[in-house]
Amino acid sequence: MSQIIAPLVVGNWKMNGLQASLGEVWKLADRIAAGGPPPAEVVLCPPATLIHSMRNIAGDAGIRLGAQDCAPQAAGPYTGDISAPMLADAGASLVIVGHSERRAGHAEDDELVRRKATAALAAGLTPVVCVGETWAQRQAGEAASVTAVQLAASMPDLMPGQDLAVAYEPVWSIGSGVTPTMEDISAMHKSLRSQLLGRLGPRGEQIRLLYGGSLKPSNASDILSLPDVNGGLVGGASLLADDLAAIIWAA
Ligand code: PGA
């Protein structure tokens, strides 16, 4: 892991979690209290319905809260959508945009993802812009080119002082239990880093590049210690406090 920036571990609960699930957040808070200051910044992204309820427990434990998506608009006649200022108002300080489940299941393209990320920044949230290739694209040798195009078109312009993270999430690894080889993860992060440096100059070194896709306690220390991997975006394993704590302490 790059030493110049603090690692970031983001838990993505996806569409899981009811009020009864707050027990897992208490448990994670207990693990953090028992383990001392964690080696990574920790952000939990529950469904939007739980952000406000988690606020106090998470805040006391030093856990930041985030959301899994936001609207590109700030307010208005957009039934069912939730805007970035609303998420900030509920207690979020980060938002995932362009997750492959949104890109594939809700037909979100790079331009929409960029608008969402821009809206997040305007509301003072840190967007986590997700990119990643499908299995067919990897098989065709297109993993690096596909993610480069996604990143170029999905990334918002950054003003001084604004924060952004990028998550490399191979679509075929999400929820499958299968991960790329360490060499492949390294190669992808290296090429995303050089793209960030090309676009942002030295500031590109400060953008956290997260790995996501079947990250779990058994592979976290190998993956999170690779150069240019500055943390992880954790799906399934973030639902259990013990698993997420093990990943945090592997960072
Ligand atoms: P997973 O999901 O850890 O369950 O593979 C990762 C993600 O979708 O962010």
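User: In this predicted model, does Ser-173 count as buried or exposed, and at what relative accessibility?
Analyst: The model is predicted, and every value here is computed from it. Ser-173 has its place in the loop between β6 and α8. Buried means under 20% relative accessible area. Ser-173 therefore counts as buried, at a relative accessibility of 0%.

User: Leaving aside neighbours within four places in sequence, with which residues is Ser-173 in contact?
Analyst: Ser-173 belongs to the loop between β6 and α8. Once neighbours within four places in sequence are left aside, its contacts are Val-178, Thr-179, Pro-180, Tyr-211, Gly-213 and Ser-214.

User: Where does Ser-214 lie, and what is its phi near?
Analyst: Ser-214 lies in the loop between β7 and α9. Its relative accessibility is 15%, so Ser-214 counts as buried. Ser-214 is a residue other than glycine with a positive phi, near 50°.

User: Is Ala-107 buried or exposed?
Analyst: Ala-107 is found in the loop between α4 (100-105) and α5 (110-122). Its phi is positive, near 50°, in a residue other than glycine. The cut-off for an exposed residue is over 50% relative accessible area. With a relative accessible area of 65%, Ala-107 is therefore exposed.

User: Which parts of the structure does the aromatic pair of Trp-135 and Trp-172 tie together, and how many residues apart in sequence are they?
Analyst: Two aromatic pairs are found in a search of the whole structure. In one of them, Trp-135 and Trp-172 are edge-to-face, with 4.9 Å centre to centre and 65° between the planes. Trp-135 belongs to helix α6 (residues 135-139) and Trp-172 to the loop between β6 (165-168) and α8 (182-200), so the pair joins parts that are 37 residues apart in sequence.

User: In β7, which residue is the bridge partner of Tyr-168?
Analyst: β6 is covered on both faces, with Ala-165 and Ala-167 buried on one side and Val-166 and Tyr-168 buried on the other. Strand β5 (residues 126-131) pairs with β6 in the parallel sense over four bridges, and Val-131 has Tyr-168 as its bridge partner in β6. Strand β7 (residues 208-212) also pairs with β6 in the parallel sense, over four bridges. The partner of Tyr-168 in β7 is Tyr-211.

User: What is the handedness of the crossover from β6 through α8 to β7?
Analyst: β6 and β7 pair in the parallel sense. The chain passes from β6 through α8 to reach β7, a β-α-β crossover that is right-handed.

User: In β8, which residue is the bridge partner of Leu-8?
Analyst: Five of the five residues of β1 are buried; Leu-8, Val-10 and Asn-12 are on one side, with Val-9 and Gly-11 on the other. β1 runs parallel to β2, joined by five bridges, and in β2 the bridge partner of Leu-8 is Glu-41. The chain crosses from β1 through α1 to β2 in a right-handed β-α-β crossover. β1 also pairs with β8 in the parallel sense over four bridges, where the partner of Leu-8 is Gly-231.

User: On how wide an arc do the buried residues of helix α10 lie?
Analyst: Helix α10 (residues 241-250) has Ala-241, Leu-244, Ala-245, Ile-247 and Ile-248 as its buried residues. They are on the same side of α10, because the arc they cover around the axis is only 160°.

User: Against which elements do the buried residues of α10 pack?
Analyst: One of these buried residues is Leu-244, which is among the residues that Leu-44 touches. The buried residues of α10 pack against β1 (8-12), α1 (22-35), β2 (41-45), α9 (217-224) and β8 (231-234).

User: Which residues touch the most other members of the largest nonpolar core?
Analyst: In soluble globular proteins, nonpolar side chains tend to be buried together. Here the largest nonpolar core has 60 residues, and its largest share, six residues, comes from helix α2 (residues 48-61). A second, separate core has twelve residues, including Leu-94 and Leu-210. In the largest core, the residues that touch the most other members are Leu-28 and Leu-44.

Note on methods
Residues numbered from 1 in each chain as written. Predicted model: local features only at pLDDT ≥ 70, side-chain atom pairs only at ≥ 80, totals over all residues. Heavy atoms only, no water. Phe/Tyr/Trp six-rings, centres within 6.5 Å; stacked < 30°, edge-to-face > 60°. Helix = DSSP H or I, 4+ residues; strand = E, 2+ residues; numbered from the N terminus. Buried < 20%, exposed > 50% of the residue type's maximum accessible area, 1.4 Å probe, protein only. Arc of directions from axis to C-beta. Contact = heavy atoms within 4.5 Å. Pairing = 2+ DSSP bridges. Right-handed = clockwise from strand over helix to strand, strands pointing away. Core = buried A, V, L, I, M, F, W, Y, C linked by side-chain atoms within 4.5 Å.
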